[in-house]
Amino acid sequence: MLVYENILSDGSLELAYQKQSLDIFLGEDQLEKENKREEVNDLITQLVKKKDVEPGELYILARQLKNIDEFMLSRDLYKEIYNRFGNDLDGEVVAEYAQVLFMSAGRKFSDTVYILLEEALKKNPNNPSALTLKGLAELEKSNPQLTIQLWNQAIPLLNSEKEKDDLRSLIEAVKKRKNQ
């Protein structure tokens, strides 16, 4: 440890510890993850406060956290990305932010989620994530026909056959419910 302290500048050693904590947090071990949650939260707070932070720095971490279902932590980073760089973001990032907001709110739609979905689709009308989530929002508003339309539009844009099959199954379920 003493060797590292002599070689690294003051801030670098702290960054090395934060990276190690983040790597542990992003791993599989749930107990270790919970032990590092506060340190990762501190890292996010520091990143958000940084005036010269690059959008990529925030985005990579936000996406990693989203991918391990850490929606509350991811939400703060996406919010910062959107607040700082909103006009320059593509539809994919805006759609991801909408997804994270939806998931972090216990799978509930808010006005902000609706606004973000509209913006994402305006920037990229063929965004499968935005189309799928917007379809779900329309289903919640009792608009099954629009839901089916949006989901049918999303199917050819999805990456895997499993995703396509899952969405087709949901469409069939909506059709059956609609016809009852």
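The model you are looking at is predicted, so local features need pLDDT of at least 70 and side-chain atom pairs count only at pLDDT 80 or more, while totals for chains, interfaces and linings use all residues. Residues are numbered from 1 along each chain as its sequence is written, and side-chain values use heavy atoms, leaving out hydrogens and water.

Let's begin with the whole protein. It has ten helices and zero strands, where helices (H or I, at least four residues) and strands (E, at least two) are DSSP runs numbered from the N terminus. Along the sequence this gives the pattern α-α-α-α-α-α-α-α-α-α. Of the 180 residues, 38% are buried; buried means under 20% relative accessible area, exposed means over 50%, and partly exposed lies in between (1.4 Å probe, protein chains only). A contact means heavy atoms within 4.5 Å. Among contacts with a separation of 6 or more, 47% join residues 24 or more positions apart.

Now for the two helix pairs. Each axis is a line fitted to C-alpha atoms, for helices over the stretch in contact, and angles run from 0 to 180 degrees between N-to-C directions.

| Helix pair | Axes come within | Crossing angle |
|---|---|---|
| H3 (residues 30–49) and H4 (residues 55–67) | 11 Å | roughly 150° |
| H6 (residues 91–104) and H8 (residues 128–140) | 9 Å | roughly 35° |

The crossing of H3 and H4 is left-handed, meaning that the near helix is turned anticlockwise from the far one by less than a right angle (clockwise would be right-handed). Here Leu43, Ile44 and Leu47 of H3 meet Glu57, Leu58, Leu61 and Leu65 of H4. By class, this contact has six nonpolar residues, no polar ones and one charged. For these classes, Ala, Val, Leu, Ile, Met, Phe, Trp, Tyr, Cys and Pro count as nonpolar, Asp, Glu, Lys and Arg as charged, and the others, Gly among them, as polar.

The crossing of H6 and H8 is left-handed too. From H6, the residues taking part are Glu92, Ala95, Ala98, Gln99 and Phe102, and from H8 they are Ser129, Ala130, Leu133 and Leu136. This contact divides into six nonpolar, two polar and one charged residues.

Next, visit helix H9 (residues 144–154), where you will find threonine 147. Is threonine 147 buried or exposed? Threonine 147 has a relative accessible area of 0%, so it is buried. Its side chain reaches the backbone nitrogen of leucine 139 at 2.9 Å. Setting aside neighbours within four places in sequence, threonine 147 is in contact with Gly135, Glu138 and Leu139.

Alanine 154 is also in H9, and at 0% relative accessibility it counts as buried. Which residues does alanine 154 contact, leaving aside neighbours within four places in sequence? They are Pro128, Leu131, Thr132 and Leu167.

Finally, look at lysine 164 in helix H10 (residues 161–178). Lysine 164 counts as buried because its relative accessibility is 15%. Not counting residues up to four places away in sequence, lysine 164 touches Ile155, Pro156 and Leu158.

How values were computed: A polar contact is a pair of N or O atoms within 3.5 Å; within protein, one must be able to donate a hydrogen and the other to accept it, and residues adjacent in sequence count only if both atoms are side-chain atoms.
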